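Let's take a walk through a protein model together, one piece at a time. Please keep the sequence and the 3D view open as you read.

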Amino acid sequence: GAPAANVLSQLQINDGGWGMAASNAFNNVPRVDVNGDGYLNLFNTKTATINLFLNNGGEIRTGGSGTSSINGTITLTGSGNQIAPNATNSLTVNSDISGTGGLDMVGVGEGTLTGSNTYTGDTTVSSGVLVLNSAATAVAGNLNVGADGTVQLGASDQIADTSTVDI
């Protein structure tokens, strides 16, 4: 018979980054963990359909130009987890985001959350534009917007009634 396919059961990105040059490069990887100072970089127009775990400072960033997207699920643990789209490659997060961690928008570009999100940590927009455009609640925890950050509401009911908004 044919040999079994080589399939990773888990990919861990710790200190340093992993650049994704092909869309859906991780489709056969059941779990991708981005830990600490690690980052997943989506170049140009890329789509990642993965089960992504951002842990204690894990980051999703974009490079090049176009519009990149994350599909699948995202789980946040700890603080300092970031999305960092650059000025010429926006990032759309179509995933439902869950967990106890928070999410920081730190890029100079535009990031969009479209999933039904239940994560309980704070959402902080330090820089760039965060677009909330979910069919349900995009921000379940508190929302903090810094002097260099902007939030755009793409639909009603984007922020939970129990959230505190600090601008």
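Two strands are said to pair if DSSP finds at least two bridges between them. Strands themselves are DSSP runs of E that are at least two residues long, while helices are runs of H or I of at least four residues, and both are numbered from the N terminus. Before we use these ideas, a word on what you are looking at: this is a predicted model, in which local features need pLDDT of at least 70, side-chain atom pairs count only at pLDDT 80 or more, and totals for chains, interfaces and linings use all residues. Residues are numbered from 1 along each chain as its sequence is written, and side-chain values use heavy atoms, with hydrogens and water left out.

Now find strand 9. Which way does strand 7 run beside strand 9? Strand 7, residues 66–77, and strand 9 run parallel, and five bridges join them. If you look for G66, you will see that this residue stands opposite N89 in strand 9. Strand 9 also pairs with strand 12, residues 110–113, again in the parallel sense, over three bridges. Here L91 stands opposite G111 of strand 12.

How many of the residues of strand 9 are buried? Five of the five residues of strand 9 (residues 89–93) are buried, so the strand is largely enclosed by the rest of the structure.

Next, let's look at charged side chains. A salt bridge is a side-chain nitrogen of Lys or Arg within 4 Å of a carboxyl oxygen of Asp or Glu. Searching the whole structure turns up two salt bridges. One joins R31 to D33, with the closest N and O atoms 2.6 Å apart. R31 is partly exposed, at a relative accessible area of 31%, whereas D33 is buried, at 4%. The other links the side chains of E59 and R61, at 2.8 Å from N to O. E59 counts as buried because its relative accessibility is 11%, and R61 counts as partly exposed at 26%.

Both arginines have something else to show you. A charge sits over a ring if NZ of Lys or CZ of Arg is within 6 Å of the ring centre and within 35 degrees of the ring normal. The charged end of R31 sits over the ring of F53, 3.6 Å from the centre of that ring. R61 lies over the face of Y39, at 3.5 Å from the ring centre.

From here, move to N35, which lies in strand 3 (residues 32–35). Is N35 buried or exposed? With 16% relative accessibility, N35 counts as buried. Its side chain joins that of N55 in a polar contact of 2.7 Å. A polar contact is a pair of N or O atoms within 3.5 Å; within protein, one must be able to donate a hydrogen and the other to accept it, and residues adjacent in sequence count only if both atoms are side-chain atoms.

S127, in strand 13, is also a buried residue, at 16% relative accessibility. Which backbone oxygen does the side chain of S127 reach at 2.7 Å? That is the backbone oxygen of V106, and the side chain of S127 reaches the backbone oxygen of G107 too, at 3.2 Å.

Our last stop is a pair of loop residues. G102 is found in the loop between strand 10 (96–99) and strand 11 (103–105), and D122 in the loop between strand 12 and strand 13 (123–132). G102 is buried, with a relative accessible area of 11%, whereas D122 is partly exposed, at 35%. Contact means heavy atoms within 4.5 Å. Leaving aside neighbours within four places in sequence, G102 is in contact with L76, G78, N81, G121 and D122. By the same rule, the residues that D122 touches include G102 and N144. The side chain of D122 also makes a polar contact with the side chain of N144, at 3.5 Å.

How values were computed: Buried means under 20% relative accessible area, exposed over 50%, partly exposed in between (1.4 Å probe, protein chains only).
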